[in-house]
Amino acid sequence: MSNLNWDDDDAPEPGTGEPGADDRGADRSGDRAGGKPGEDLDLADFHGMARLIERMHRRYLDVVRVGLSKQGIEDIGPVQALMVMLIGEDELSVRDLMERGYYLGSNASYSLKILVDAGYINRAANQRDRRTARLQLTDKGRELWEGLRRMEQAQAEALVRNETEVRDLKASYRTLRRLDRLWGDMVRYSCLDFD
């Protein structure tokens, strides 16, 4: 199975014929009819996708909860486990963790306290700036991280079984990244008119 790489830098080159490529021969019904791209968009699909994202997040937390249970871990929940996944082999500041995981401050602090108390994370003051903390997994945290990565690998292999499905998954990821940026821009630059 090919190695899945989720970076936007791996977008197909123009003219390759891959999904998302700027292929001159691609079917562009909006362009062909003289209309704007997106005129053929069914808003029910857009609304459904927005709701599906939220439902999938809840379902993913349930999957992580089952994975924790199978590993015999009862001292943390799925949200804390996802924090362990975000830290991984890195050493992060609390701010970096919050930006990677889009956590709210009080929720992140509460979850970090649980992880530190349970022995999954070391939280140490930064040598250069004593006001900021650095986060790193303990041996117990690395063991959990490796178990969760094995779980994700099994899920990926069940979902993606051939090269077509690899391309589909990457195209879905690129679409979700674009949507994330669009929504982020709409919040940050709320004065802009998106009509």
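Helix α2 has 28 residues, which at 1.5 Å a residue should span 40 Å; its end C-alpha atoms are 40 Å apart, so the two agree. The expected span is 1.5 Å times one less than the number of residues. Helices (H or I, at least four residues) and strands (E, at least two) are DSSP runs, numbered from the N terminus. This is a predicted model: local features need pLDDT of at least 70, side-chain atom pairs count only at pLDDT 80 or more, and totals for chains, interfaces and linings use all residues. Residues are numbered from 1 along each chain as its sequence is written, and side-chain values use heavy atoms, without hydrogens and water.

**Helix α2**
- L61, V64, G67 and L68 are buried in α2. Buried means under 20% relative accessible area, exposed over 50%, and partly exposed in between (1.4 Å probe, protein chains only).
- The cover over these buried residues includes α3 and α6 (139-159).

**Salt bridges**
- The whole structure holds nine salt bridges. Each is a side-chain nitrogen of Lys or Arg within 4 Å of a carboxyl oxygen of Asp or Glu.
- R58 and E54 form one of them, at 2.5 Å from N to O. They are four residues apart in helix α2, so about one helical turn separates them.
- R65 pairs with D62, with the closest N and O atoms 2.6 Å apart. Both lie in helix α2, three residues apart.
- An α-helix has 3.6 residues a turn, so residues three or four places apart point the same way.
- R134 bridges to E91 at 3.4 Å between the closest N and O atoms. This pair links distant parts of the chain: R134 is in strand β3 (residues 133-137), E91 in the loop between α3 and β1 (92-93), 43 residues apart.

**Aromatic rings**
- The whole structure has one aromatic pair. Rings of Phe, Tyr and Trp (its six-membered ring) pair if their centres lie within 6.5 Å; planes under 30 degrees apart are stacked, over 60 edge-to-face, the rest tilted.
- F46 and W183 make up that pair, edge-to-face, with 6.4 Å between centres and 85° between planes.
- F46 is in helix α2 (residues 43-70) and W183 in helix α7 (residues 163-188), 137 residues apart.

**Q80**
- Q80 sits in helix α3 (residues 78-87) and is buried at 9% relative accessible area.
- A polar atom of the Q80 side chain lies 2.8 Å from the backbone nitrogen of G77.

Notes:
Polar contact = N/O pair within 3.5 Å; in protein donor to acceptor, adjacent residues only side chain to side chain. Contact = heavy atoms within 4.5 Å.
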